[in-house]
Amino acid sequence: MTIRLSGRRSRSLAAACLLLATASIAATACSKSEDGNSGATPGASDQAAQQQVTQSATVPAGSGCTLSAYGAPKLDLKNAVVGFSQSEKEDNPFRIAETQSIKDEAKKIGVKKLLTTDAQSQLPKQISDIQDMLAQGAQLLIVAPLNSDGLEPALQAAAAKHVPVITIDRKINATSCKDYVTFLGSNFVEQGKRAADAMVKATGGKGQVAILLGASGNNVTTDRTKGFVDELTAKAPGLKIVAQQTGDFTRDKGQQVMEQLIQSKPGITAVYAENDEMGLGAVTALTSAGKKPGKDVKVVSVDGTRNAVQAIVDGHYNAVIESNPRFGPLAFATAQKFYSGEAIPENVIITDRAYDEGNAAASVAGAF
Ligand code: GZL
């Protein structure tokens, strides 16, 4: 069961909307277009744009996860020790913005102590990070999982101490309201679909496209690929996918893979990168090879980092679909609701924006 709630204005409104919506109160102030993902165009005023989530249904009575069903003790966040487990090293603006958002909201709420760790993209380290924070007394865990599988030892350690886990960013293959309370994140299939629509617009639906896949082992890569491939198959059979290779969500690997593809697939006229860092690496490779990214080779990616949106403004990038990492307000608002006894939906899906040549200049300040 998924719930969405829209509220662009301020983090407090988004949080208030979440509280209203999942208490099954008609939150017209928070409601927005049903699809939510129409991609409200960000404006320069969105400097501190918080996450938008769009309500698509009230929480049916008796569903969702409550504190008593989960079996955790009540907790006043102001007197709590909260642990945040980051998955990838913070040389990716997505990760930097995500961690900062958690820190900022913890400070705003006045959490007694926030513990933070970074697994440096290593699953064993994310497991030990979480176990270490539990040993340090963490009473609530917010986790950005590296992979969809493999966190069981950490989840079991949290359950043994009746410490709830809120997952953000990537979805884990585990049991909601037992191994974790809820998933807060984007609709990644939708992101892939929207990237394909942007690619069709940029290419006129013809040419040869290479896909720079994200890291393996997580639902983000799987879903962004599925969304893109299915939409292209349906909408633009004249746009042929000639290569799919992982760039591990990093700029260096994205550049390396693009350098190889330029040699092996010289007919490439478009690149879909499953995150901005790989897309920017591809731009470097294309430019070094004497090509004109954004012009003779179209580039579309996902995240919404400032560097990628600026590349649209500079003319060597074509479109970016946002994957908003600013989970702080929503994560803590969800925790506040959970501890107040409200039922939390299994999935809380955020609404992501989109950037192209029509809005990039006015919106780059709102990118991260
Ligand atoms: C998406 C997140 C992805 C980002 C990448 O929620 O998991 O991981 O899109 C990051 O930038 O590497």
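Mentor: A salt bridge here is a side-chain nitrogen of Lys or Arg within 4 Å of a carboxyl oxygen of Asp or Glu. This is a predicted model, so to speak of local features we need pLDDT of at least 70, and side-chain atom pairs count only at pLDDT 80 or more, while totals for chains, interfaces and linings use all residues. Numbering runs from 1 along each chain as its sequence is written, and side-chain values use heavy atoms, with hydrogens and water left out.

Trainee: How many salt bridges does a search of the whole structure find?

Mentor: The count is 17. Take Arg-170 and Glu-88, whose side chains meet with N and O at 3.3 Å. Helices (H or I, at least four residues) and strands (E, at least two) are DSSP runs numbered from the N terminus. On that scheme, Arg-170 sits in the loop between β6 (165–168) and β7 (182–185), and Glu-88 in the loop between β3 (81–86) and α3. The pair links distant parts of the chain, 82 residues apart.

Trainee: Is Arg-170 buried or exposed?

Mentor: Go by relative accessible area: under 20% is buried, over 50% exposed, and in between partly exposed (1.4 Å probe, protein chains only). Arg-170 comes out at 2%, so it is buried. Glu-88, at 9%, is buried too.

Trainee: Which residue forms a salt bridge with Arg-95?

Mentor: That's Glu-98, with the closest N and O atoms 2.7 Å apart. Arg-95 and Glu-98 are about one helical turn apart because they are three residues apart in helix α3. Both Arg-95 and Glu-98 are buried.

Trainee: And where do Lys-171 and Glu-346 lie?

Mentor: Their side chains meet in a salt bridge with N to O at 3.8 Å. Lys-171 is in the loop between β6 and β7 and Glu-346 in the loop between α11 (328–339) and β13 (347–351), so the bridge ties together parts that are 175 residues apart in sequence. Lys-171 is partly exposed at 22% relative accessibility, and Glu-346 is partly exposed at 29%.

Trainee: Which residues do salt bridges with shared partners join into one network?

Mentor: Glu-88, Arg-95, Glu-98, Asp-169 and Arg-170. On a 1 Å grid over the protein atoms alone, a cavity is a set of points where a 1.4 Å probe fits but cannot get out; a pocket is an open set with protein on both sides within 12 Å along at least five of seven lines; lining residues have an atom within 4 Å of a point.

Trainee: What is the volume of the second largest pocket?

Mentor: About 280 Å³. Its lining has 18 residues, with Glu-88, Ser-121, Asp-248, Phe-249 and Thr-250 the closest to its centre.

Definitions and conventions. Grid points are joined across faces, edges and corners, and a volume is the space filled by probe spheres set on the points.
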